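Hi,

Here is the structure I promised to pass on. Have a look at it first, and then read on for what turned up.

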Amino acid sequence: TADDVIDTTKGNLVSGILALAWPSVIQSILSNCYAMNDYLFIGHMEDKTMASIGTSALSSTVGLTIILFSMHNIIPCGCNAYAAQFRGAKDKKGLADTFRSGFYASIGLSTIISILGYIYIDEIAGMTNSSFEVTRAISIYFGVLLVASPAFGLLLLVDGFYKSNGDTRTPLYLEILSLILNTIG
């Protein structure tokens, strides 16, 4: 909404920066709760051997998840820069074109990442040099992340688009909703 957009070209710059920053900082903290949900779920498994394998698999995928996240952020990062420029120029057509192009490019890149990731999932999981059981659990867990890749790419695009337009609260609200749905699921 218009009330959620902060215009840093007017008023005190430090106040504007802080107003933009606090929702993003809270969102960043909340984004780490997805992994916490996974650990809590696995920690409550009755079969402690499977819980141990699952915990090892989650721990082993941290680096892989960071790489996956970074690859999904390629298109949104570029779109955010363009969106901020078009927003500053009050060019709504340029803003809409940027979002549309980013949407299709994010879907395309995410689909390619998913397909390639799935084709090479055993090799990717094997890079962790884990036991057979843990490597198998990594393949399953990382496979789920790969299936969700297109949605994740779009999430990053939408999140960045709001932020580059001066609205950091809406992404925070969407993060809270997403986390609640993840917890329920």
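Let me start with a side chain: a polar atom of the S164 side chain lies 3.1 Å from the backbone oxygen of F161. (A polar contact here is a pair of N or O atoms within 3.5 Å; within protein, one must be able to donate a hydrogen and the other to accept it, and residues adjacent in sequence count only if both atoms are side-chain atoms.)

Before going further, please note that this is a predicted model, in which local features need pLDDT of at least 70 and side-chain atom pairs count only at pLDDT 80 or more, while totals for chains, interfaces and linings use all residues. Residues are numbered from 1 along each chain as its sequence is written, and side-chain values use heavy atoms, with hydrogens and water left out.

Back to S164, which lies in helix α9 (residues 149–164). Helices are DSSP runs of H or I with at least four residues, numbered from the N terminus. S164 is buried, at 16% relative accessible area; buried means under 20%, exposed over 50% and partly exposed in between, using a 1.4 Å probe and protein chains only. Leaving aside neighbours within four places in sequence, S164 is in contact (heavy atoms within 4.5 Å) with N80, A83, A84 and R87.

α9 also packs against helix α10 (residues 169–184), at an angle of about 150° and with the axes 8 Å apart. Axes are lines fitted to C-alpha atoms over the stretch in contact, and angles run from 0 to 180 degrees between N-to-C directions. That makes α9 roughly antiparallel to α10, a label for angles over 145 degrees. Here V158, D159, Y162 and K163 of α9 meet T170, P171 and L174 of α10.

On the α6 side the contact is made by I113, S114, G117 and Y118, and on the α8 side by G143, L146 and V147.

Finally, two loop residues. Most residues other than glycine have a negative phi. K90, in the loop between α5 (74–88) and α6, has a positive phi near 55°. N129, in the loop between α7 (121–126) and α8, has a positive phi of about 55°. K90 is exposed at 72% relative accessibility, and N129 is exposed with a relative accessible area of 72%.

Best wishes

Definitions and conventions:
Parallel < 35°, antiparallel > 145°, perpendicular 65-115°, else oblique.
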